[in-house]
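Morning, everyone. Please bring up the model on your screens. I'll take it piece by piece.

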Amino acid sequence: DVRAALRLHQEALTILDWNKCNALLFDFVEKSKQHAIDMASTLRKMGNALREMNDFVGAAEVYKECLDTFLEGLIEGGGALKRKLLECEYKKDPDGHRAVLDSVDPRTIGRVLCLHPEFR
């Protein structure tokens with residue numbers, strides 16, 4: 001059942017987020033990055049489930065969060081990048097959002113994401 005799978009993924013996401021925050025609290029940066037990658041993988045599965053349930057808007061939102069979380073785990077300074085993007089989103093500042101994204105080399109991000117098996 002897709003709804004049950006979605007609920008289990010949401011529970012897993014909560015646990016992974018907790019683990020990521022604890023790792024950051026104790027300055028285990030690499031462990032935190034791995035938790036971010038695991039969270040992104042879970043978000044991708046959630047997006048797939050929402051898409052299968054014909055919730056295309058919900059799926060798009062989850063896929064966006066998935067991409068942000070992958071970046072947090074995979075690129076140098078990804079956590080700071082994600083915080084800046086979230087701040088722009090909170091302030092409803094599309095120009096700031098574009099400026100943050102323009103400050104990052106898209107080829108590097110694309111290469112990192114394409115080489116990671118969970119993102120393909």
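Let's start with alanine 23. Its relative accessible area is 3%. The cut-off for buried is under 20%, so alanine 23 counts as buried. Keep in mind that this is a predicted model.

Where does alanine 23 sit? It is in helix α1, which covers residues 2-25. And which residues does alanine 23 contact, once neighbours within four places in sequence are set aside? They are Phe28, Lys31, Ser32 and His35. Here is a distance to check on screen.

Next, the core. In soluble globular proteins, nonpolar side chains tend to be buried together. Here, the largest nonpolar core has 23 residues. Which of them touch the most other members? Leu43, Met46, Phe70, Leu81 and Ile109 do. At least two residues each come from α1, α2 (29-52), α3 (56-74), α4 (78-90) and α6 (106-115). Helix α2 gives the largest share, 7 residues.

Pick out isoleucine 109. Leave out residues up to four places away in sequence, and isoleucine 109 touches Leu71, Ile75 and Val104.

Now threonine 69, in helix α3. Is threonine 69 buried or exposed? Its relative accessibility is 0%, so threonine 69 counts as buried. Again skipping residues up to four places away, threonine 69 touches Ala36, Met39, Ala40, Leu43 and Lys82. Leu43 was also on our list of core residues with the most contacts to other members.

On to the cysteines. How many disulfides does the structure hold? The count is 0. For cysteine 21, the nearest cysteine sulfur belongs to cysteine 66, and it is 18 Å away. A disulfide needs the two sulfurs within 2.5 Å, so cysteine 21 is in no disulfide. Cysteine 66 is buried, at 3%.

Last stop, the largest pocket. Its volume is about 200 Å³. The lining has 13 residues, and Leu24, Val29, Lys33, Glu72 and Gly79 lie nearest the centre. Helices α1, α2 and α4 are the elements that give two or more residues to this lining. Helix α2 provides the largest share, 4 residues. What kinds of residue line the pocket? There are 4 nonpolar, 4 polar and 5 charged.

Definitions and conventions:
Residues are numbered from 1 along each chain as its sequence is written. This is a predicted model: local features need pLDDT of at least 70, side-chain atom pairs count only at pLDDT 80 or more; totals for chains, interfaces and linings use all residues. Side-chain values use heavy atoms; hydrogens and water are left out. Buried means under 20% relative accessible area, exposed over 50%, partly exposed in between (1.4 Å probe, protein chains only). Contact means heavy atoms within 4.5 Å. A nonpolar core is a set of buried Ala, Val, Leu, Ile, Met, Phe, Trp, Tyr and Cys residues joined through side-chain atoms within 4.5 Å. On a 1 Å grid over the protein atoms alone, a cavity is a set of points where a 1.4 Å probe fits but cannot get out, and a pocket is an open set with protein on both sides within 12 Å along at least five of seven lines; lining residues have an atom within 4 Å of a point. Grid points are joined across faces, edges and corners, and a volume is the space filled by probe spheres set on the points. Ala, Val, Leu, Ile, Met, Phe, Trp, Tyr, Cys and Pro count as nonpolar, Asp, Glu, Lys and Arg as charged, and the others, Gly among them, as polar.
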